[in-house]
Amino acid sequence: MTQVPASAPTCSIQATLDIVGDRWSLLILRDLFRGVRRFSAMQHDLGIARNMLADRLSRLTESGVVAKVPYQQRPIRYDYVLTPKGLDLSGSLLALMRWGDSWCQDGDAPTVLVHADCGTPLEVATRCPCCDETVSPTRIRNRQPNPGENLAATHEPARRSTEPGRSQDRNCRNPNGGVS
């Protein structure tokens with residue numbers, strides 16, 4: 001994996017790929033989300049060489065995506081678990097899976113992810129937290145963050161309005177920059 005020099009302009013996608021941007025790291029994350037936690041189980045499930053698995057787990061651990069939790073002392077053995085930073089990759093893996101289902105599997109998903117509580121298949125969608133609307137890829141724009149704006153902070157979902165497509169919170173900005 002290529003590391004971005006410290007003097008280079010930052011790009012969140014590049015920084016993410018520096019951590020999880022290879023095939024094995026993504027498949028290890030998939031296994032961890034599926035509940036595979038032990039080295040030997042991951043090696044068997046993935047068919048990956050021990051040295052490659054050890055290297056990828058070490059990188060994911062060093063980057064704070066995965067934590068090692070001892071489950072046996074003599075000899076010491078570890079479970080690998082997702083940290084909050086690792087759990088936050090769920091949406092990205094879901095999006096990759098959905099893309100693969102559509103474009104690599106002819107729409108025939110080999111597995112369906114469902115809500116654990118009710119069994120309903122999950123959807124992948126980008127939503128505006130202010131308007132509470134699904135946003136299509138053609139309606140996404142980029143801008144520089146405002147001074148002091150913390151975009152990584154968890155947004156509170158907009159309160160649902162009785163009027164479709166409108167939030168009860170009227171601090172939503174319209175496309176022209178005004179408040180709606």
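**Salt bridges and a helix pair**

Aspartate 31 is buried, with a relative accessible area of 0%; buried here means under 20% relative accessible area, exposed means over 50%, and partly exposed is in between, using a 1.4 Å probe and protein chains only.

Hi everyone, a quick word on what we are looking at. This is a predicted model, where local features need pLDDT of at least 70 and side-chain atom pairs count only at pLDDT 80 or more, while totals for chains, interfaces and linings use all residues. Residues are numbered from 1 along each chain as its sequence is written, and side-chain values use heavy atoms, with hydrogens and water left out.

Back to aspartate 31, then. Which residue does aspartate 31 meet in a salt bridge? The partner is arginine 34, at 3.3 Å from N to O. By salt bridge I mean a side-chain nitrogen of Lys or Arg within 4 Å of a carboxyl oxygen of Asp or Glu. Arginine 34 counts as exposed, at 51% relative accessibility.

Arginine 34 also forms a salt bridge with aspartate 45, at 3.6 Å from N to O. That pair links distant parts of the chain, 11 residues apart: arginine 34 sits in the loop between helix H2 (23-33) and helix H3 (39-46), and aspartate 45 is in helix H3. Helices are DSSP runs (H or I, at least four residues), numbered from the N terminus. Aspartate 45 is partly exposed, at 34% relative accessibility.

The axes of H2 and H3 come within 11 Å and cross at roughly 115°; axes are lines fitted to C-alpha atoms over the stretch in contact, with angles running from 0 to 180 degrees between N-to-C directions. On the H2 side, the contact is made by Trp24, Leu27, Ile28, Arg30, Asp31 and Leu32, and on the H3 side by Met42, Asp45 and Leu46. Contact means heavy atoms within 4.5 Å.

Elsewhere, arginine 127 pairs with aspartate 132 in a salt bridge, the closest N and O atoms being 3.2 Å apart. Arginine 127 is partly exposed, with a relative accessible area of 40%, whereas aspartate 132 is buried at 18%. There is also a network of salt bridges linking Asp22, Asp55, Arg56 and Arg59.

And how many salt bridges does the structure hold? The count is 11.

How values were computed
Helices (H or I, at least four residues) and strands (E, at least two) are DSSP runs, numbered from the N terminus.
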